[in-house]
Amino acid sequence: MAHDVQVRTTLPGDIDALLALQERVYPAIDPWRRDHLVHQLKVFPQGQLVAELDGEVVGCASALVILWDEWAEEHTWQEITARGTFSTHNPDGFTLYGAEVFVDPDMRGRRIGQALYEGRRQLCRDLNLRRIIACGRLPGYQAHAPQMTAEQYAKRVLWGDLSDPVLSFQLREGFRYCGIMKDYLPQDEESCGQASLIVWINPDFDPSRPTALQPAPTS
Ligand SMILES: CC(C)(COP(=O)(O)OP(=O)(O)OC[C@H]1O[C@@H](n2cnc3c(N)ncnc32)[C@H](O)[C@@H]1OP(=O)(O)O)[C@@H](O)C(=O)NCCC(=O)NCCS
């Protein structure tokens, strides 16, 4: 892990830096809206994390809680995040859903992504949630799309024949690959609009207790 990287919850004062960073990370994808980020912080402040290095915001990981049974079938990023507002956040759920993670393009490969993912795993443990689920981009797929389906591409990444900048990172972070989510983010040309459904199971989840977001049972 990068020694001097600090992962902390996002503050309203980080929004300008996050908007600027997101434009550099995804020049070809519609930028976030300021009011959506404000809303994310309002509905689930604990779920929004930034990585800070020498006082600068260099990455972020944003999440919401969902009832996975309501979303397990095919869905899009727009649907499950309510167009990025996180109005779909449901404190009754047992699943932390990773909606976004990115690191400054000039700062990649320094374990900042790993620090953000560890922050997310710690949040999952702290809230006593069962798991983290996400639909990850497959930015290496476009170059292979003429030869294979996204499913075949993901399998080759799993087998170690190919490396993907996002899926390989997520597998190394302990996530399991569960399949392809088609048309997840149609604007994402590098991934041909497709994403890999991935899960991390919280080993400390205690089903006998409510999650920290659920009301305690009355005796
Ligand atoms: C995915 C992403 C967040 C990873 O962030 P990161 O900070 O670069 O991640 P890490 O540094 O923890 O690990 C990334 C790579 O650096 C390597 N690395 C990092 N530190 C290293 C070290 N000290 N020695 C050797 N290798 C190292 C890792 O092994 C890994 O290698 P790989 O690319 O061959 O798999 C980043 O690539 C990103 O922002 N991508 C664009 C946005 C995106 O698509 N996000 C995913 C949305 S689903």
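Helix H4 contains 15 residues and spans 21 Å from its first C-alpha to its last, close to the 21 Å expected at 1.5 Å a residue; the expected span is 1.5 Å times one less than the number of residues. Helices (H or I, at least four residues) and strands (E, at least two) are DSSP runs, numbered from the N terminus. The model is predicted: local features need pLDDT of at least 70, side-chain atom pairs count only at pLDDT 80 or more, and totals for chains, interfaces and linings use all residues. Residues are numbered from 1 along each chain as its sequence is written.

Buried residues of H4 include Ile112, Gly113, Leu116, Arg120 and Cys124, where buried denotes 20 or more other C-beta atoms, placed from the backbone, within 10 Å of the residue's own. The buried positions of the helix pack against strands S1 (5-9), S2 (48-53), S3 (56-66), S4 and S5 and against helix H6. Asparagine 128, which follows H4, has a positive phi near 55°.

H4 (112-126) also supplies at least two residues of the shell around the ligand, as do S4 (95-103), S5 (131-137) and H6 (167-172). Of the 19 residues around the ligand, Phe102, Arg108, Gly109, Gly113 and Gln114 come nearest; a residue is near if its C-beta atom, placed from the backbone, lies within 6 Å of the molecule.

The chain as a whole has six helices and seven strands. From the N terminus, the elements follow the order β-α-α-β-β-α-β-α-β-α-α-β-β. Of the 219 residues in the chain, 35% are buried. The C-alpha atoms fill a box of roughly 60 × 40 × 35 Å along the principal axes.

Methods:
Buried ≥ 20, exposed ≤ 12 C-beta atoms within 10 Å, placed from the backbone. Contact = placed C-beta atoms within 7 Å.
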